[in-house]
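This briefing covers the pocket lining and the nonpolar cores of one protein model.

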Amino acid sequence: MKQWIFLVFLFMGLFSQAQNMNNDTLGEIITRKADTLKGIPGNWQFVYKETPMLCITDAKNNRMRIIAPITESSNLDKDLLLDSMTANFHSALDVKYAISNGILWSAYVHPLKELSIEQAESAISQVYLAAKTFGTTFSSTELLFGAGALEEKKEEPKKEFIKKENSEKF
């Protein structure tokens with residue numbers, strides 16, 4: 001019986017610890033990871049490995065997102081759209097491809113308070129990799145989730161895919 005009580009208290013302690021991420025801590029993480037950084041807490045523009053990114057938070061509603069522009073959505077053909085939707089299920093993992101305001105983005109969305117330091121660092125890396133691999137492997141990590149994921153994507157990007165021209169636009 002004492003073992004059960006001990007286990008209950010142990011599990012309660014593990015699950016009751018909230019991450020309590022906030023803009024100050026997230027700003028420190030971005031500052032460490034970014035090549036360049038500008039903006040204000042809750043609205044950062046930064047460059048990570050030559051890829052422009054945004055991090056936007058809404059502390060009141062407990063939301064955050066890290067995004068990187070890939071291309072104008074008008075540059076996408078049906079096959080690229082289908083490949084990106086398939087990647088959202090298999091290879092993009094915590095990052096998703098999304099379109100907003102005529103731009104295709106690599107996007108990581110998460111509750112702010114529950115975000116851990118490790119998740120924030122991984123999010124930056126995954127957003128970068130998903131943006132860089134768009135048109136080839138469409139992946140945010142080395143891991144592919146599920147069998148039959150994007151059956152060995154092409155080594156060369158599709159001809160229709162236009163090089164990044166949006167780094168100045170955001």
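**Pocket and cores**

The largest pocket is lined by Leu 54, Arg 65, Ile 67, Ala 98, Ile 99, Ser 100, Asn 101, Ile 103, Trp 105, Ala 107 and Val 109. A pocket is an open set of points on a 1 Å grid over the protein atoms alone, where a 1.4 Å probe fits, with protein on both sides within 12 Å along at least five of seven lines; lining residues have an atom within 4 Å of a point. The model is predicted: local features need pLDDT of at least 70, side-chain atom pairs count only at pLDDT 80 or more, and totals for chains, interfaces and linings use all residues. Residues are numbered from 1 along each chain as its sequence is written, and side-chain values use heavy atoms, without hydrogens and water.

**Largest pocket**
- S4, strand S5 (96–100) and S6 each give two or more residues to the lining.
- S6 provides the largest share, four residues.
- The lining has eight nonpolar, two polar and one charged residues.

**Nonpolar cores** (buried Ala, Val, Leu, Ile, Met, Phe, Trp, Tyr and Cys joined through side-chain atoms within 4.5 Å; buried means under 20% relative accessible area with a 1.4 Å probe, protein chains only)
- The largest core has 33 residues, and Leu 26, Phe 46, Met 53, Ile 66 and Tyr 97 have the most contacts inside it.
- Elements supplying at least two residues of this core include helix H2 (23–33), strand S3 (51–58) and helix H4 (117–132).
- H4 gives the most, seven residues.
- A second, separate core of five residues includes Leu 54, Ile 67, Ile 103 and Ala 107.

Notes. Buried means under 20% relative accessible area, exposed over 50%, partly exposed in between (1.4 Å probe, protein chains only). Ala, Val, Leu, Ile, Met, Phe, Trp, Tyr, Cys and Pro count as nonpolar, Asp, Glu, Lys and Arg as charged, and the others, Gly among them, as polar.
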